[in-house]
Amino acid sequence: NNNYKKFADIGACLGFHGIIFSKYHSNLVNFFEPDPNTYEMLCEYIMLNKLKNYNCYNKAVYSNEGNITFNRLDENNTGSHIEGSKDNVYGSVSKINVSTISFDSILKEKYDLVKLDIEGAELEVFKNLNLNDNKKIPDIYIEIHNKQASEVIYEVLVNKLNLNIFSQNLGWSKLTDKNDMPYHYSHGSIMVSNKNYMNWGI
């Protein structure tokens, strides 16, 4: 209960992770959701759950700040993504323009825990990560969506920053072989940390 005081829910969608965190811990949660329609529903869910300590941002988290084209999947908003982040897109797509905030600027806010589920854009985020000190990295829960992103994340976080990866498909044990890195959401997520051991007790 005392592990995390400040949480960033990036790619919040309807806020499942951040709402649960807030209900259990009553600590600060910042939600980031780029799609204006989903963002509106997110705000309604937050109000229904009577959260008190939170902020909501109608922005995509990416490698840089500015504006970018976003593909809204009309039949499945959970798969909506920044244009170019996914190779295979099914169903009708609406293209909209969204504001972006850089992941580097997120890290400067000194979060204890970050959830990153940005539908393939994690490749550009970590390929362009401008950081050399692993002590400035919070624990990060990441859903990986393609092989190239998996390889880049391992290279940057393990080989460059000397961080540890705990993998869901290994029962949340420490990953020691890069060949065990997930590269699709169906393989499970990872937790990245500068800790050698994760205390999973609630």
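Guide: Tryptophan 172 is partly exposed, with a relative accessible area of 24%; on this scale buried means under 20% relative accessible area, exposed means over 50%, and partly exposed lies in between, computed with a 1.4 Å probe on the protein chains only. This is a predicted model, in which local features need a pLDDT of at least 70 and side-chain atom pairs count only at pLDDT 80 or more, while totals for chains, interfaces and linings use all residues. Residues are numbered from 1 along each chain as its sequence is written, and side-chain values use heavy atoms, with hydrogens and water left out.

Tryptophan 172 sits in the loop between S10 and S11, where helices (H or I, at least four residues) and strands (E, at least two) are DSSP runs numbered from the N terminus. Its phi is positive, about 65°, although tryptophan 172 is not a glycine. Most residues other than glycine have a negative phi. Asparagine 162 also has a positive phi, near 60°, and lies in the loop between helix H5 (147-160) and strand S10 (164-167); at 59% relative accessibility, asparagine 162 counts as exposed. Within helix H5 itself is asparagine 159, which is partly exposed at 48% relative accessibility. Asparagine 159 is 100 residues from lysine 59 in sequence, and their C-alpha atoms are 30 Å apart in space.

Strands of a sheet pair through backbone hydrogen bonds, either parallel or antiparallel.

Further along this sheet, strand S1 (residues 6-10) and strand S2 (residues 28-32) run parallel and are joined by five bridges. Lysine 6 has leucine 28 of S2 as its bridge partner, alanine 8 is paired with asparagine 30, and aspartate 9 stands opposite phenylalanine 31. In a regular strand the side chains alternate between the two faces of the sheet. In S1, Lys6, Ala8 and Ile10 on one side and Phe7 and Asp9 on the other are all buried. S2 likewise has both faces covered, with Leu28, Asn30 and Phe32 buried on one side and Val29 and Phe31 buried on the other. Five of the five residues of S2 are buried, so this strand is largely enclosed by the rest of the structure.

A second open sheet has four strands in the order S4-S7-S5-S6, again with mixed pairing. Its edge strands are strand S4 (60-62) and strand S6 (81-82), each of which pairs on one side only. S4 pairs with strand S7 (residues 93-102) in the parallel sense over three bridges, and valine 61 has isoleucine 101 of S7 as its bridge partner.

On a 1 Å grid over the protein atoms alone, a cavity is a set of points where a 1.4 Å probe fits but cannot get out, a pocket is an open set with protein on both sides within 12 Å along at least five of seven lines, and lining residues have an atom within 4 Å of a point. Grid points are joined across faces, edges and corners, and a volume is the space filled by probe spheres set on the points. The largest cavity has a volume of about 30 Å³, and its lining is formed by Tyr62, Ser63, Phe103, Asp104, Glu124, Val125, Asn128 and Leu129. Helix H3 (103-107) and helix H4 (122-127) each supply at least two residues of that lining. The second largest pocket holds about 520 Å³ of space, and of the 21 residues that line it, Ser85, Lys86, Asp87, Asn88 and His145 are the closest to its centre.

Key. Two strands pair if DSSP finds at least two bridges between them.
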